[in-house]
Amino acid sequence: MTPDAAPVLTAVDGHAARITLNRPRALNALTPAMIDGLAAALDAWEHDPAVRTVVLDGAGERGLCAGADIRLFHADARSGDHTASEAFLRAEYRLDSRIAHYPKPYVALMDGIVMGGGVGLSAHGAVRVVTERSKVAMPEVSIGLVPDVGGTYLLARAPGELGTHLALTGLAAQGADAVLCGLADHFVPSDALPDLLADLAREPAPDAVARHARPAPEGALAGERSWIDACYAADTVEEIVDRLFSCGEPAAKEAAETLLAKSPSAVKATLESLRRAARLDSLEAALDQEFRVSCAALDTHDLPEGIRAQIIDKDRDPHWRPATLAEVTPDQVERYFTALGERELGLA
């Protein structure tokens, strides 16, 4: 079998069923067929008494999953016909909810890059394992989108304002930081993953993971909590930026500059999404909200422009519209949360 012969590989070894995302040359970016394949595998194993644990990993050396294959969104946004994008998001979000409530231990091996949709497939699982290679991120503001796949629900519940920091800047959390933020549970050295997989096949998932888990190397975020919590507690993005620039920490100034390079509309919609998600009582309610926000983003200038700059032309020079935070009005932010009527996701 060639490396990319099937986008999702499944196998059963002992008591463990394994799902491997298998588009390594695309960093296992998700397609509609992959979402369908994952859902079908979970259906098949849910009532199979021989399967006691489900394990998710990614093919290749770079990571688990870089998120959705967003070229689909670019084509839909430019054409004005959002049918394909909405169908993908609907299926993806339903799968994320399914993973969160799966009746058997679902073990996500979050080795390497885990971004966007990859977070949705892993961080809602029962057992979430990171390594020294892990880079867990919700970088949607870089393409004019808002964190989704339940990301706003997770980040809104991170300690203090750590989730706000990660969401507005799109920065990646490494091993210890991912655990601190509630995006992962255990640290296992990457060279121990083959042995962990072997043990998962023959013993309960908690026992297998506990045998290989180790203290994570020290992260950065724990030592930065004071300025992160103080700066990101502000009510507006403009005030957050002012606090970051004035607090005197070089890392805070760098965060402000990173934030200001993102889509102003997406950044403001992200802050509002996080604040609202913090008041929601379930993952499903957050997914319903994210579906509205993502559908609204398809009608903006910034989403296709962000994808063009990052993925299509790769010039890394997006021209946002509006171009500044000051030009993004409250009414423009509120439009992201407009009810969709019969098109609602309806999970909650």
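This is a predicted model: local features need pLDDT of at least 70, side-chain atom pairs count only at pLDDT 80 or more; totals for chains, interfaces and linings use all residues.
Two strands are said to pair if DSSP finds at least two bridges between them, and the helices (H or I, at least four residues) and strands (E, at least two) that I shall name are DSSP runs, numbered from the N terminus. With that in hand, let us begin with the open sheet of six strands, whose order is E1-E2-E3-E5-E7-E9 and whose pairing is mixed. Residues are numbered from 1 along each chain as its sequence is written, and side-chain values use heavy atoms, with hydrogens and water left out.

Which strands are the edge strands of this sheet? They are strand E1 (8-13) and strand E9 (186-187), each of which pairs on one side only. E1 runs antiparallel to strand E2 (residues 16-21), and six bridges join the two. Within that pairing, Val12 has Ala17 in E2 as its bridge partner, and Leu9 stands opposite Thr20 in E2. The hairpin of E1 and E2 has two residues between the strands, and there Gly14 takes a positive phi near 60°. Helix H1 (residues 32-46) packs on the sheet, where it touches E1, E2, strand E3 (53-58) and strand E5 (106-110), and its direction makes about 180° with that of E2.

E4 pairs with strand E6 (residues 113-115) in the parallel sense over two bridges, and Val114 in E6 is the bridge partner of Cys65.

Now to the helices. Helix H2 (residues 71-79) packs with helix H15 (residues 302-312) at an angle of about 140°, their axes being 9 Å apart. That angle makes H2 oblique to H15, given that angles under 35 degrees count as roughly parallel, over 145 as roughly antiparallel, 65 to 115 as roughly perpendicular and the rest as oblique. The contact is made by Arg71, Phe73, His74, Ala77 and Arg78 of H2, together with Pro304, Ile307, Arg308, Ile311 and Ile312 of H15.

How are the rings of Phe73 and Phe88 arranged, and why is the pair called edge-to-face? Their centres are 5.9 Å apart and their planes stand at 70°, so the pair is edge-to-face; by definition, rings of Phe, Tyr and Trp (its six-membered ring) pair if their centres lie within 6.5 Å, and planes under 30 degrees apart count as stacked, over 60 as edge-to-face and the rest as tilted. This pair links distant parts of the chain, since Phe73 is in helix H2 and Phe88 in helix H3 (residues 83-100), 15 residues apart.

Note on methods:
Axes are lines fitted to C-alpha atoms, for helices over the stretch in contact, and angles run from 0 to 180 degrees between N-to-C directions. Contact means heavy atoms within 4.5 Å.
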